[in-house]
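These are my notebook entries on one protein model. I looked up its confidence first, then its overall make-up, and then a few residues.

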Amino acid sequence: MTTLDVLFAAIGLIAAASAVLAVTTRHLVHAALWLVVTLGTLAGCYLVLGAELVALVQLLVYVGAVVVLVLFALMLTRAPIGPSPEHTSGPVQRVAAAVAGAGVAGLLGAVLLTALGGRLVSTREGRTHGVAEQLFGTWVWPFELLSLLLLVALIAAFAVSRMPSATGAEATSPERRADEAVEVP
């Protein structure tokens, strides 16, 4: 076992632990921050494997853009930051989610172990030019459409946060009327 193997295993354990914390915490902001740790350590795994370009893209796109978008959406939609009994799932849903997650992990493990068959797979070094040509040549339109989709999601979250309440509770609350009644000379 080499030093890179130990480093990869350590970073992988941190990624798995932070992923479990991201889906089990009751605070939405904490979940988003654990997602940052998960995606950052995943970039570390790519770096240990020698895929520097993929690690950089992981940091730029997922940690730098997607998670920041999630945090902005949380802030703009006035989602509950702390634990909310309305959004808490019951024990049956948790057990079903755990069973589904274990099933997907087992299926992926079985497929990957069968496909690789215990043999080592060599990495292709120095192929970043080909990846860049594919990304910015063939896949440039899906990449740009994805960025447009993220922009539309951000604008929609902003619009939803500015919509008046359906019950009209905010418009008729005594605190709001008292605030509106105060006039500054």
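**Entry 1: confidence.** Over which residues does the pLDDT stay under 50, and how many contacts beyond four places in sequence does the model have for them? I found that pLDDT, the predictor's confidence in each residue from 0 to 100, stays under 50 over residues 175–185. For this stretch the model has four contacts beyond four places in sequence, a contact meaning heavy atoms within 4.5 Å.

I noted that this is a predicted model, in which local features need pLDDT of at least 70 and side-chain atom pairs count only at pLDDT 80 or more, while totals for chains, interfaces and linings use all residues. Residues are numbered from 1 along each chain as its sequence is written, and side-chain values use heavy atoms, with hydrogens and water left out.

I then looked up the average: the protein has a mean pLDDT of 78, and 81% of the residues score at least 70. Confidence is highest in helix 1 (residues 3–24), at 91, and lowest in helix 7 (residues 169–172), at a mean of 47. Over residues 169–173 the pLDDT is below 50, and that stretch has five contacts in the model beyond near neighbours in sequence.

**Entry 2: overall make-up.** I looked up the secondary structure and recorded eight helices and zero strands. Both are DSSP runs numbered from the N terminus, helices being H or I of at least four residues and strands E of at least two. Read from the N terminus, the order of elements is α-α-α-α-α-α-α-α.

Of the contacts with a separation of 6 or more, 63% are between residues 24 or more positions apart. The protein has 185 residues, and 13% of them are buried; buried means under 20% relative accessible area, exposed over 50%, and partly exposed in between (1.4 Å probe, protein chains only). The protein exposes about 14,000 Å², of which carbon and sulfur atoms supply 73%. Accessible areas come from the Shrake-Rupley method with a 1.4 Å probe, and for residues only the protein chains shown count as cover.

Entry 3: Is Thr41 buried or exposed? Thr41 counts as buried because its relative accessibility is 14%. I located Thr41 in helix 2 (residues 28–48). Leaving aside neighbours within four places in sequence, Thr41 is in contact with Ile11, Ile14, Ala15 and Ser18. The side chain of Thr41 also reaches the backbone oxygen of Thr38 at 2.9 Å.

I therefore turned to Thr38, which is buried, with a relative accessible area of 13%. Thr38 lies in helix 2. Its side chain and that of Ser18 are joined by a polar contact of 2.9 Å. A polar contact is a pair of N or O atoms within 3.5 Å; within protein, one must be able to donate a hydrogen and the other to accept it, and residues adjacent in sequence count only if both atoms are side-chain atoms. Beyond four places in sequence, Thr38 is in contact with Ala15, Ser18 and Ala19.

**Entry 4: Leu21 in helix 1.** I placed Leu21 in helix 1. Leu21 counts as partly exposed, at 35% relative accessibility. How far apart are the C-alpha atoms of Leu21 and Trp34? They are separated by 6.5 Å, although the two residues are 13 residues apart along the chain.

**Entry 5: helix 6.** I found Leu151 in helix 6 (residues 140–161). Leu151 is partly exposed, with a relative accessible area of 46%. Phe158 lies in helix 6 too, and is partly exposed at 41%.
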